Amino acid sequence: MFKTYNNLKNLHNLYEQNFILLSKISGQLDREDFFSFNFEVGKQSSLVEIKKIKLSKFTDELDFFIEDPIHIKNISLKCRIYKEAKMIEVIEFQNFHKDLLLIFSKNKYGLQKDERIQWNLFMNQFLNYCIHHGLSVENYLSPRI
């Protein structure tokens with residue numbers, strides 16, 4: 001039981017980290033329902049589009065579209081923001097998983113129970129990468145310059 005509690009604690013910690021990282025990337029998601037930017041992969045840049053859908057006063061849903069720089073397969077992520085808890089959870093990865101509980105209870109397609117951790121670790125590493133290598137889509141000069 002302690003191991004399960006520890007895993008849940010680590011997962012919630014990851015949700016909180018993702019919330020902080022996304023807040024660093026775009027503080028304007030509070031005001032706007034759409035945000036886009038580029039990030040560098042080698043000599044190519046790739047587009048990221050984030051669309052926000054308001055579900056309730058305390059919950060929003062984010063649709064991430066990540067353009068594949070080598071144009072094999074674009075990545076689509078669906079995340080849920082819990083504003084009061086300050087957490088972001090990945091609930092769908094590449095339009096494949098519609099209901100996590102249904103998939104995990106039947107263990108279809110050879111999925112493991114730690115898929116949720118893997119999706120959120122991907123999101124965490126991706127957001128960190130975007131913070132370090134992200135580029136604005138628009139030509140923007142800050143007011144200080």
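Predicted model: local features only at pLDDT ≥ 70, side-chain atom pairs only at ≥ 80, totals over all residues.
Local features were considered at pLDDT of at least 70 and side-chain atom pairs only at pLDDT 80 or more, whereas totals for chains, interfaces and linings use all residues. Residues are numbered from 1 along each chain as its sequence is written, and side-chain values rest on heavy atoms, with hydrogens and water left out.

Helix H3 spans residues 115-133; helices (H or I, at least four residues) and strands (E, at least two) are DSSP runs numbered from the N terminus. With 19 residues, H3 reaches 26 Å from its first C-alpha to its last, close to the 27 Å expected, the expected span being 1.5 Å times one less than the number of residues. Buried residues of H3 include Trp-119, Met-123, Phe-126 and Leu-127 (buried, under 20% relative accessible area; exposed, over 50%; partly exposed, in between; 1.4 Å probe, protein chains only).

Four aromatic pairs were found in the whole structure (rings of Phe, Tyr and Trp, the last by its six-membered ring, with centres within 6.5 Å; stacked under 30 degrees between planes, edge-to-face over 60, otherwise tilted). Phe-93 and Trp-119 are stacked, at 6.4 Å centre to centre and 5° between the planes. Because Phe-93 belongs to strand S5 (residues 87-93) and Trp-119 to helix H3, this pair ties together parts 26 residues apart in sequence. Phe-93 also pairs edge-to-face with Phe-122, at 5.4 Å and 85°; Phe-122 lies in H3, so this contact links parts 29 residues apart in sequence.

Phe-93 counts as buried because its relative accessibility is 16%, while Phe-122, at 28%, counts as partly exposed. Phe-93, Trp-119, Phe-122 and Phe-126 form one aromatic cluster.
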